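This note is intended for a colleague who is meeting the structure for the first time. Please read the numbered points with the sequence and the model at hand.

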Amino acid sequence: MSDSKYEGLKLENQLCFPLYACSREIIKQYRPFLDELDLTYTQYITMMVFWEEKKINVKELGKKLFLDSGTLTPVLKSLETKGYVKRYRSKEDERVLLVEITESGEALKERAVEVPAKIASCARLEPMEALELHRLLSKILSGFENQ
């Protein structure tokens with residue numbers, strides 16, 4: 001029996017493994033910077049959406065972040081407790097939960113502005129390599145949006 005049949009089961013041949021390992025390591029690099037902001041990584045990326053959108057419904061937020069409501073709800077509750085966002089039902093449709101950034105959440109943006117540059121220095125990629133990696137990862141992610 002040929003070993004080539006099992007090549008697909010080798011860890012070194014998996015695309016998912018280096019993506020997974022890099023994701024974990026990059027998030028670990030964020031930790032000291034986010035600890036200063038009293039945010040988890042998931043709270044941080046959620047705030048990034050609010051810094052752009054200001055107000056969004058939970059369903060759309062989940063789509064943007066590739067997070068389900070079971071993950072997003074505790075994140076939003078925590079951010080609301082910290083005073084960074086407020087949640088409320090839409091007046092037009094009570095089934096829709098809206099979330100809006102507060103003044104405190106906007107002010108946090110100033111404290112967070114240095115984080116991306118600090119993280120970029122950890123990656124050790126040339127600017128063109130980083131752009132290409134971003135393009136490829138975005139391409140992969142876009143394939144999941146339609147599923």
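**Note on salt bridges, sheet and surface**

1. The count comes to 9 salt bridges, a salt bridge being a side-chain nitrogen of Lys or Arg within 4 Å of a carboxyl oxygen of Asp or Glu. The model is a predicted one, in which local features need pLDDT of at least 70 and side-chain atom pairs count only at pLDDT 80 or more, while totals for chains, interfaces and linings use all residues. Residues are numbered from 1 along each chain as its sequence is written, and side-chain values use heavy atoms, with hydrogens and water left out.

2. One of these salt bridges joins the side chains of E106 and K54, at 2.7 Å from N to O. E106 belongs to helix 5 (residues 103-112) and K54 to the loop between helix 2 (41-53) and strand 1, so the pair ties together parts that are 52 residues apart in sequence. Helices (H or I, at least four residues) and strands (E, at least two) are DSSP runs, numbered from the N terminus. E106 is partly exposed at 27% relative accessibility, and K54 is partly exposed at 33%; the class lies between buried (under 20% relative accessible area) and exposed (over 50%), with a 1.4 Å probe and protein chains only.

3. A salt bridge also links E80 with R87, at 2.9 Å from N to O. E80 has a relative accessible area of 27% and R87 one of 26%.

4. In the salt bridge between D93 and R95, the closest N and O atoms are 2.9 Å apart. D93 is partly exposed at 23%, whereas R95 counts as exposed at 72%.

5. The open sheet has 3 strands in the order 1-3-2, with antiparallel pairing; two strands pair if DSSP finds at least two bridges between them. Its edge strands, each pairing on one side only, are strand 1 (55-57) and strand 2 (85-89). Strand 2 pairs with strand 3 (residues 97-101) in the antiparallel sense over 5 bridges. Within strand 3, L98 stands opposite Y88.

6. A nonpolar patch on the surface has about 750 Å² of accessible area together, and its residues include L15, F66 and F144. Patches take residues with over 30% relative accessible area and no salt bridge, joining like charges within 9 Å and nonpolar side chains (Val, Leu, Ile, Met, Phe, Trp, Tyr) within 5 Å; areas come from the Shrake-Rupley method with a 1.4 Å probe, and for residues only the protein chains shown count as cover. Helix 7 (residues 127-145) gives the largest share of the patch, 5 residues. F144 lies in helix 7 and is partly exposed at 46% relative accessibility.
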